[in-house]
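Here are my notes on the model, as numbered points.

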Amino acid sequence: MTVTAVVVGNPKPASRTLTAATYVATQLSGAEPDVIVDLATLGAAVLDWSDDGIAALVEQVGKADLVVFASPTYKAAYTGLLKLFLDRFAGGTGLSGVAIPLMLGGSPAHSLSPELTLRPVLTEIGGTVPGRALYVVDAAYDDPQAYAQWLAETGPTVTSLLGGRS
């Protein structure tokens, strides 16, 4: 059974970023995510390295077969909130599954942001990033067509990678 997780670094809880990440995870795995981490709801615990609840979330996400990491684009990069969470993962071994970098932004001007900023961190902590990172213009976050080409190109590789994990 494939374990799927979503981690969202939007400072606003229950954001469009969360909706987008959940959609991508569901499309790739065929089921709702098993673990959803909406970092905005965790408050100051994200800053406390001794917090057992955050440590447990890091462990769950690290062991997941598929994880969608999502953030809005802030200053051409992902949020500091997501960075705080990602810093908890051990280098090279903290993430054992397929990692999908997803960012939403106001215009296509920052479409390389997830590829240039988020992807390198996910690979550094051990994730396997198939294909290119995903960028969606914020205004189209709820339009399946905004994801269709990326899903058609990357979905088969994700399926193949997940099939090898069973």
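**Notes on cores and sheet**

1. In the largest nonpolar core, which has 27 residues, the members touching the most other members are Val 7, Val 61, Phe 69, Phe 85 and Leu 86. The model is a predicted one.

2. At least two residues of this core come from each of E1, E2, H2, E3, helix H3 (80-86), E4 and helix H4 (113-124). H2 gives the most, with four residues.

3. Phe 85 shows how these pieces meet. Leaving aside residues up to four places away in sequence, Phe 85 touches Val 7, Val 37, Leu 39, Val 46, Ile 54, Leu 57, Val 58 and Val 61.

4. Nonpolar side chains tend to be buried together in soluble globular proteins.

5. The sheet is open and has five strands with parallel pairing, ordered E2-E1-E3-E4-E5. Strand E2 (35-38) and strand E5 (134-137) are the edges, each pairing on one side only. From one strand to the next the twist averages 15 degrees.

6. Four bridges join strand E4 (residues 98-105) to E5 in the parallel sense. Met 103 has Tyr 135 of E5 as its bridge partner.

7. Two helices that pack on the sheet deserve a check. Helix H2 (residues 52-63) touches strand E1 (4-8), E2 and strand E3 (66-72), and its direction makes about 130 degrees with that of E2. Helix H5 (residues 145-163) touches E3, E4 and E5, with its direction at about 165 degrees to that of E4.

Notes
Residues are numbered from 1 along each chain as its sequence is written. This is a predicted model: local features need pLDDT of at least 70, side-chain atom pairs count only at pLDDT 80 or more; totals for chains, interfaces and linings use all residues. Side-chain values use heavy atoms; hydrogens and water are left out. Two strands pair if DSSP finds at least two bridges between them. Axes are lines fitted to C-alpha atoms, for helices over the stretch in contact, and angles run from 0 to 180 degrees between N-to-C directions. Contact means heavy atoms within 4.5 Å. A nonpolar core is a set of buried Ala, Val, Leu, Ile, Met, Phe, Trp, Tyr and Cys residues joined through side-chain atoms within 4.5 Å. Buried means under 20% relative accessible area, exposed over 50%, partly exposed in between (1.4 Å probe, protein chains only).
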